[in-house]
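Please read these points with the structure open beside you. They are written for someone who has not worked with it before.

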Amino acid sequence: MYKFTLLITLLFTTLSFSQSLQSPEEFLGYRIGTEFSRHADVVSYFEYVAANSDWVTYREYGKTNERRSLTYAIVTNPENQANIETIRTNQLKNAGIEDGSADPDKAIVWLSYNVHGNEASSTEASMLTLYELITTKKEWLQNTVVIIDPCINPDGRDRYTNWYNKVKATPYDTNPDAAEHNEPWPGGRANHYLFDLNRDWAWATQKETRQRLKVYNSWLPHIHVDFHEQGINNPYYFAPAAEPYHQIITPFQFQFQKEIGTNHAKYFDQNGWLFFTREVFDLLYPSYGDTYPTYTGSIGMTYEQAGGGRAGLGIKKADGTILTLVDRVAHHFTTGISTVEMAANNVDRLNSEFKKYYSNSDVSYKNFTLTGESDHLAALAELLDTHSIEYSFALSGTTSGYKYTSKKQGEMSYDQALVVSTDQPKGKLVHVLFEPEAALSTPLTYDITAWSLPYAYGLEAVASTKANSETTTVPLASERNAMSKNAAGYISKWNSMEDAKFLSALLQANIKVRFSEKAFTNSGIDYPNGSLIITRSDNNSTEFDSELITIANQFKRKLTAVQTSFASAGPDFGSSSVKLINKAKIAVLSGEQTSSLSYGATWHFFEQQLKYPVTSILAEDLSRVNLTDYDVLVLPSGRYRFDEGSLDQLKSWVRGGGNLIAIDNALKAFSDKDGFALKESEPVKEEDTIVNKLIPYAERESSRATELISGSIFKTQIDNTHPLAFGYNTTYYTLKIGSDAYALLDKGYNVAYLTDNPESVSGYAGEDALKALENSLVFGVEPMGRGSLTYMVDDPLFRAFWQNGKLFFVNALFLNNPNNYRD
């Protein structure tokens, strides 16, 4: 029996289990849990163990944005190490990922530590777990391969540990009021770009995720554990998970979660440690570190230890007891070891059930057909490549099934389509990512309830319950352009992020670009509003053509050379309706008044997606900044504390020609304030009744669900004659991540909006929240003097995965820029 006394011996003595191998304490020079280890020291210990033990192989799989190593250790006996590629490929053969048959006889467990940088106890536990496995638990490694990623988020971890090590008292102060328990903005939770890596597994927007997925998908483990921390007063959490859980999860996956939890409970009960299960952390949203592995056949689980950024080395809890880092490490160590024990004792079951998971005959939809803008199809195909999901392209056809745009059965014709079948090894993951709507057993979830990729990528789609017919795989066209030195100019389309990246590159190369506010016809070809026009008259350099063609070919943009600026219909190139796009100087607010996640998404968008320069300004420094140095000011979501003077400063700057863009909660800084047209829309509630007043205590939480919107998708109406909506059709599917609602603007332009009886097309929205959304704003523009304010109620940059919303943001930066009106 695994006794607490043995655990104490394993964790906290300097006695080595091997004459030649140092424990973490011996190597680092301090007892684990009495200091926070820097990432470099953790890497050094893993390197040391691998160099001195034939039971461990240690590899680097990438670098973070701040150039820290991303690593993993393969832990198993020497015989398995020598045969590791066969073990790995047998696992993929068992799933049907690779050709050939296999009869695997090993269990594969993947332990992921420290995805949230300030939930730092698990990385400390990873070193103890490694040492324990190859010293006293070697028998488990005869039939089990354990993969340890000691730190998924090294940048966030070092941000936290370096801060804590700098400010902590000696000895540490357990008073929650102490500075060492109050992390400054932005905290260490997120990565370099302040993204929550635990929400990025499916969308793979971050460098760390993309590099990790290459390795993860080359193994596809039977069990994956994601180690976390929660509030300081909570007991430990482990699986089984809470509802809602996705219907595609198999009975075995639930059952084995329960069996693992039962094993954990045995050790926690022996040691007098409290825990809970099934109450908070659900299995629905597909981009977690437990759900994504679950949807790829693993037993995916989250383990949550009390602590997080507040806990430090020790903190007094509400009940007066002291929670130490030593305690936190011990708990994570125990569940990690217990998990490996369960895998080693159930190898045959894990392999047989893993193989069954990859049989997809029982999924509802057999294939998904998507059509629309080629760039959107290509962007989606790139995401599928990241997940090793198979797809094909089809030319000119018709398909029938559930139509996403009408929410009913129908037909869809296409000239080009992307077809994704569930008749492939990762068919269940395909189903989860593409299905129109996930079934909910309860609306009280830990995250958003809608994410369907056809809506996210702005594509028309049909989901069919019939097996896929044959398709012709064709590559998407790649444009190459040639110079036309006699041309009056070149015209390029405007309806995707690839077009936006092209514009960004042109402006930074000092090539002047115009856009047309109205549709026009030139040389017999019709062009919609928003089309980019690059004229020779604006660009008199002798290298103009070659520079333009080089950039266009780099971004695979098709340019149409036109011999005249005369339009047979609509505006000529010299018309006042053909605006010169200003090379805008852009600032974005950051700091403690902003949401770190929203700021991070905005920062990442400029640097890694649009690749356009931006200046970050602390919100608290705004009054000291000369705003006339900037054309555009972006306010990410946040809780801004603008006093009357700051609001007057902003109004004065906007009236002088400034372009202010407010996102999500930033709108509250202007709503219902003097001088601004924005007004909040209050939910329409029924009068309180005796029945409502007598709702039982146990039902109060669920009764509040009527006021919630849990990340739902809504169909909005679009005024695509306004520059903010150029490149869009007359409808747009928006992702609402909350229930805030604003009335339609009386003075201004309601560019995207909801009308009477709004209805969620996917995801949960309570009836009271829906009432507040009637005739409400989604995106709008309020003119003010020579400038304007753009209000974005829904954040189009949210987690960087809602691809179809990003062009709205670019339009707000460049096409709706009041400075375009002045050459």
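Predicted model: local features only at pLDDT ≥ 70, side-chain atom pairs only at ≥ 80, totals over all residues.

The numbered points below go through rings, cavities, helices and backbone details.

1. Next, the aromatic rings. How many aromatic pairs does a search of the whole structure find? The search finds 59. One of them joins Phe 281 and Tyr 446. Their ring centres are 5.0 Å apart and their planes meet at 70°. An angle over 60 degrees counts as edge-to-face, so this pair is edge-to-face.

2. Where do the two partners lie? Phe 281 is in the loop between strand S8 (275–276) and strand S9 (282–283). Tyr 446 is in the loop between helix H14 (427–434) and helix H15 (453–456). The pair therefore ties together parts that are 165 residues apart in sequence. Phe 281 is buried, at a relative accessible area of 7%. Tyr 446 is partly exposed, at 40%.

3. Another edge-to-face pair is made by Tyr 285 and Tyr 288. Here the centres are 5.2 Å apart, with 75° between the planes. Tyr 285 is buried, with 1% relative accessibility. Tyr 288 is buried too, with 4%.

4. There is also an aromatic cluster to inspect. Its members are Tyr 61, Tyr 72, Trp 110, Trp 201, Tyr 216 and Tyr 292. Elsewhere, Lys 428 lies over the face of Tyr 357. The distance to that ring centre is 4.7 Å.

5. The structure has three cavities of 30 Å³ or more. Which strand gives the most to the lining? Strand S10 (residues 299–306) does, with three residues. By class, the lining has six nonpolar residues, three polar and one charged.

6. H18 gives the most, with three. The lining divides into eight nonpolar, seven polar and ten charged residues.

7. Helix H6 (residues 121–133) has 13 residues. From first C-alpha to last it reaches 19 Å, close to the expected 18 Å. All of H6 is covered: 13 of its 13 residues are buried, so the helix is largely enclosed by the rest of the structure. Helix H5 (residues 84–95) has twelve residues and reaches 17 Å, close to the expected 16 Å. Nine of the twelve residues of H5 are buried. Among them are Ile 84, Arg 88, Gln 91 and Leu 92.

8. Met 784 and Phe 676 are 108 residues apart along the sequence. Their C-alpha atoms are 8.8 Å apart. Met 784 belongs to strand S32 (residues 776–784). Met 784 is buried, at 7% relative accessibility.

9. Check the cis peptide bonds. One joins Trp 185 and Pro 186, with omega about 0°. Pro 186 is in the loop between helix H7 (154–167) and helix H8 (207–216). Another joins Glu 243 and Pro 244, also with omega about 0°. Pro 244 is in strand S7 (residues 242–245).

10. Ala 204 has a phi of about 50°. Ala 204 is in the loop between H7 and H8. Is Ala 204 buried or exposed? Ala 204 is buried, at 8% relative accessibility. Asn 510 has a phi of about 60°. This residue lies in the loop between helix H16 (497–508) and strand S18 (514–516). Asn 510 is exposed, with a relative accessible area of 57%.

Methods:
Residues numbered from 1 in each chain as written. Heavy atoms only, no water. Phe/Tyr/Trp six-rings, centres within 6.5 Å; stacked < 30°, edge-to-face > 60°. Helix = DSSP H or I, 4+ residues; strand = E, 2+ residues; numbered from the N terminus. Buried < 20%, exposed > 50% of the residue type's maximum accessible area, 1.4 Å probe, protein only. Lys NZ or Arg CZ within 6 Å of the ring centre and 35° of its normal. 1 Å grid on protein atoms, 1.4 Å probe; cavity = no way out; pocket = protein on both sides within 12 Å on 5 of 7 lines; lining within 4 Å. Points joined across faces, edges and corners; volume = space filled by probe spheres on them. Nonpolar A, V, L, I, M, F, W, Y, C, P; charged D, E, K, R; others polar. Expected span 1.5 Å × (residues − 1).
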